Amino acid sequence: EDVEAVVGDAPDLSLFADAEFDTVTASNFIEHLDHAEIDRCFTEVLRVLRPGGHLILIQPNFALAPRSYFDDYTHRTIHTDVSLADRLGAAGFDMVRVERRFLPLSMRSRLSFGHRLVPLYLRLPWRPLAGQMLLIARRP
């Protein structure tokens with residue numbers, strides 16, 4: 001009941017007030033934008049986050065899956081855990097956490113209960129098949 005869906009253009013968050021959100025989350029999204037759109041998006045996310053608010057990104061990590069990264073033809077930009085953390089820093093964010101290996105590149109599975117295995121997978125000390133990264137950044 002407390003969730004309102006809003007459809008819009010990510011580089012233009014003008015529907016939202018300055019410092020309106022505590023957290024902004026995006027999963028498998030940034031790689032579908034070109035560089036100028038990413039810069040505008042990060043500027044807007046900084047604006048709508050309250051001071052101390054967090055941006056949480058789950059993204060394909062090109063360093064972990066270079067052969068299959070462009071199997072999705074809609075991927076427009078390449079990032080690794082290092083380059084995306086640097087880009088977030090250049091945009092004005094403070095990095096809180098970077099996990100190079102977070103989730104498999106694809107969560108597709110023949111197992112009907114596969115999604116229930118994710119918490120177990122995340123507890124593993126080493127994550128086989130990981131192709132996605134996790135980055136958590138904070139607005140100063």
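Student: Which exposed residues are carried by the face of helix 2 turned away from its buried side?

Tutor: The terms come first: a residue is buried at under 20% relative accessible area, exposed at over 50%, and partly exposed in between, with a 1.4 Å probe and protein chains only. Helices (H or I, at least four residues) and strands (E, at least two) are DSSP runs numbered from the N terminus. Here, the face of helix 2 that points away from the buried side carries Asp86 and Ala90, which are exposed. This is a predicted model, in which local features need pLDDT of at least 70 and side-chain atom pairs count only at pLDDT 80 or more, while totals for chains, interfaces and linings use all residues. Residues are numbered from 1 along each chain as its sequence is written, and side-chain values use heavy atoms, with hydrogens and water left out.

Student: Which residues of helix 2 are buried, and why are they said to line one face?

Tutor: Helix 2 spans residues 81-91, and its buried residues are Asp81, Leu84, Ala85, Arg87 and Leu88. Viewed down the helix axis, these buried residues fall within an arc of 160 degrees, so they line one face of helix 2. The arc is that of the directions from the helix axis to the C-beta atoms.

Student: What covers the buried residues of helix 2?

Tutor: The cover includes helix 1 (35-48), strand 2 (49-60), strand 3 (94-104) and strand 4 (130-138). Contact means heavy atoms within 4.5 Å. Leu84 illustrates this: leaving aside neighbours within four places in sequence, Leu84 is in contact with Phe42, Leu57, Gln59, His79, Met133 and Leu135.

Student: How is a nonpolar core to be read, and which residues have the most contacts inside the largest one?

Tutor: A nonpolar core is a set of buried Ala, Val, Leu, Ile, Met, Phe, Trp, Tyr and Cys residues joined through side-chain atoms within 4.5 Å. The largest has 22 residues, and those with the most contacts inside it are Phe42, Val45, Leu55, Leu57, Leu84, Leu88 and Phe93. At least two residues of this core come from each of strand 1, helix 1, strand 2, helix 2 and strand 4. Helix 1 provides the largest share, six residues. Apart from this core lies another, of eight residues, among them Ile58, Phe102, Tyr121 and Leu134.

Student: Is Val45 buried or exposed, and what is it in contact with?

Tutor: Val45, in helix 1, is buried, with a relative accessible area of 4%. Leaving aside neighbours within four places in sequence, Val45 is in contact with Leu13, Val24, Leu55 and Phe93. Val45 and Thr25 are 20 residues apart in sequence and 9.9 Å apart in space, C-alpha to C-alpha.

Student: Where does Asn61 lie, and which residues is it in contact with?

Tutor: Asn61 lies in the loop between strand 2 and helix 2. Asn61 is buried, with a relative accessible area of 0%. Beyond neighbours within four places in sequence, Asn61 is in contact with His79, Thr80, Asp81, Arg100, Gly131, Gln132 and Met133. Between Asn61 and Leu105 there are 8.3 Å in space, C-alpha to C-alpha, and 44 residues in sequence.

Student: Is Glu99 buried or exposed?

Tutor: Glu99, in strand 3, is buried, with a relative accessible area of 16%. Leaving aside neighbours within four places in sequence, Glu99 is in contact with Arg127, Met133 and Leu134.
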